[in-house]
Amino acid sequence: MLGVIRRRVASSSPYPMLLSQSARKFRSGSSAAARDSSIVEKEVSFHSGHYGNVRNFSHMTPGCWVNVKPMREVFCQEATMQTWRRPFSSDSGDNVDVVVPPLAESIADGTLAKFLKRPGDRVAVDEPIAQIETDKVTIDVSSPESGVIVKLLANEGDTVEPGNKIAIISRSADATTHVAPSETTSEKAAPQPTQKTSEEKKAPKAEPAPAKEKPKAPPAPARPAGAQSSPTEPQLPPKERERRVPMTRLRKRVATRLKDSQNTFAMLTTFNEVDMTNLMKLRADYKDAFVEKHGVKLGLMSGFVKAAVNALQHQPIVNAVIDGDDIIYRDYIDISIAVGTPKGLVVPVIRNCDTMNFADIEKQINAFAKKANDGTLSIDEMAGGTLTISNGGVYGSLLSTPIINPPQSAILGMHSIVSRPMVVGGNVVPRPMMYIALTYDHRIIDGREAVFFLRRIKDIVEDPRRLLLDI
């Protein structure tokens with residue numbers, strides 16, 4: 001038997017090495033009818049830090065039988081590797097880098113609104129140290145470790161992305177009084193004027209050259225007594241009395257969406273007035289029992305939400321929206337409630353209002369109002385919605401034309417309650433009245449449906465018993 005063996009070994013390489021041993025095709029010298037050929041290969045993969053497995057391969061040509069002895073298989077246990085991940089931080093020994101957390105799926109960056117802590121301040125784990133303002137919400141950046149803030153790596157007003165470093169925290173440093181960057185710079189730059197002064201003392205002072213007198217301009221000719229004075233430019237207020245402040249991201253986002261709404265929708269507003277006597281009497285009669293059972297006060301907003309749900313069920317086109325060349329009819333009712341905050345307007349959404357009672361709606365509204373004032377509303381809580389209700393009456397608005405909140409098709413506006421003389425049963429009596437307004441997209445909603453929708457809300461608010469009887 002004649003065999004040829006070739007062996008190739010690669011060592012001292014960072015890449016996997018291959019050790020192969022192959023026996024090529026061999027023939028016997030006798031006149032045997034059968035031909036044998038076999039190839040036996042062994043591969044051993046060496047990886048950094050661990051060994052792989054020995055793999056055996058056997059190949060036989062048809063019509064032959066080759067007795068291959070079992071090969072020894074080597075198995076080595078791979079070295080285990082553990083990884084510790086610290087949320088929103090990168091660890092480098094004693095110092096910990098604070099990085100910007102993920103903002104949201106649809107938000108790529110944000111503005112560093114302000115730092116809540118300064119260099120030298122001690123912070124605890126999960127204590128907010130900065131606030132990042134996005135197009136919709138304000139997000140707190142919490143400390144990943146307890147320690148002392150050593151350095152701030154970003155400035156207020158900078159645009160930051162998830163993963164950007166904004167501060168360094170030391171685990172072992174002691175809290176000290178913070179030093180303003182301007183003070184440090186002034187201390188370092190202080191010796192320079194002294195050196196310049198000493199050099200000036202050594203150098204001889206050059207006498208100033210005599211100033212040349214400028215030729216005097218000829219006097220202007222006297223204006224005739226009857227000539228009129230030429231018009232002058234209007235006197236504008238001095239620039240020193242003006243302040244230029246950059247717009248916040250939330251304000252820019254609100255401005256863009258409202259302007260897009262005006263440019264996209266064919267908006268039209270219809271009005272009506274509502275007698276609030278029965279709804280206010282219902283609230284006064286059962287407010288104590290309502291609080292005792294449900295733990296929340298009974299307000300007027302829940303009554304309008306229930307009325308809007310009923311009106312949407314009677315006029316489903318108001319709950320629909322245009323998408324390209326199609327109309328999407330939504331078989332669910334999510335009511336958005338416009339909430340004004342010092343930072344701007346936010347619109348959280350009450351999901352599935354058609355399955356909620358008065359108490360559930362009031363609890364949800366109170367929770368959203370608290371989150372809006374604290375700036376802790378999430379993106380998911382403000383996404384979607386099929387109809388918006390805006391209550392300008394809490395600020396004293398008597399009448400307004402609200403703007404549609406895209407991608408919805410209508411918005412209901414509530415206003416202040418004013419006692420006005422009304423004719424009831426042939427007699428003039430004072431009644432608490434409220435103007436209500438519905439701004440709708442005339443591309444999809446006709447005036448007939450809009451008026452019927454607003455009329456349905458009026459009927460239910462003036463007689464809440466209709467909700468019980470479904471009439």
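**From one loop outwards**

Guide: Proline 407 sits in the loop that runs between strand E21 (387-391) and strand E22 (410-414). Keep in mind that this is a predicted model. The peptide bond joining proline 406 and proline 407 is cis, with omega at about 5°.

Two aspartates are next on the backbone list. Aspartate 126 has a phi near 65°, which is positive even though the residue is not a glycine. You'll find aspartate 126 in the loop between strand E8 (122-123) and strand E9 (128-133). Its relative accessible area is 57%, over the 50% cut-off, so aspartate 126 counts as exposed. Aspartate 470 also has a positive phi without being a glycine, about 55° here. This one belongs to the segment after helix H8 (465-469). With 58% relative accessibility, aspartate 470 is exposed.

As for E9, 5 of its 6 residues are buried, which leaves the strand mostly covered.

Now go through the pairings. E9 and E10 run antiparallel and are joined by 5 bridges; glutamate 133 has threonine 138 in E10 as its bridge partner. Together E9 and E10 make a hairpin, with 4 residues between the two strands. Strand E7 (residues 110-115) then pairs with E12 over 2 bridges, in the antiparallel sense. There, threonine 111 has threonine 159 of E12 as its bridge partner.

Over to the helices. Helix H5 (residues 301-314) packs on helix H6 (residues 358-374) at an angle of about 115°, and their axes are 9 Å apart. The crossing of H5 and H6 is right-handed. On the H5 side, the contact is made by Met301, Ser302, Gly303, Val305 and Lys306, while H6 brings in Phe358, Ile361, Glu362 and Ile365. Sorted by type, the residues of this contact are 5 nonpolar, 2 polar and 2 charged.

H6 itself has 17 residues and spans 25 Å from first C-alpha to last, close to the 24 Å expected at 1.5 Å a residue. Its buried residues are Ala359, Ile361, Glu362, Ile365, Phe368 and Ala372. These pack against helix H4 (277-294), H5, strand E18 (339-341), strand E19 (344-346) and strand E20 (349-350).

One last stop: glutamine 315, in the loop between H5 and strand E15 (321-323). Its relative accessible area is 15%, under the 20% cut-off, so glutamine 315 counts as buried. Leaving aside residues up to four places away in sequence, glutamine 315 touches Glu449, Phe452 and Phe453. Glutamine 315 and glutamate 449 are 134 residues apart in sequence, yet 6.6 Å apart in space, C-alpha to C-alpha.

Technical notes:
Residues numbered from 1 in each chain as written. Predicted model: local features only at pLDDT ≥ 70, side-chain atom pairs only at ≥ 80, totals over all residues. Heavy atoms only, no water. Axes fitted to C-alpha atoms, helices over the stretch in contact; angles between N-to-C directions. Left-handed = near helix turned anticlockwise from the far one by under 90°. Contact = heavy atoms within 4.5 Å. Nonpolar A, V, L, I, M, F, W, Y, C, P; charged D, E, K, R; others polar. Pairing = 2+ DSSP bridges. Buried < 20%, exposed > 50% of the residue type's maximum accessible area, 1.4 Å probe, protein only. Expected span 1.5 Å × (residues − 1).
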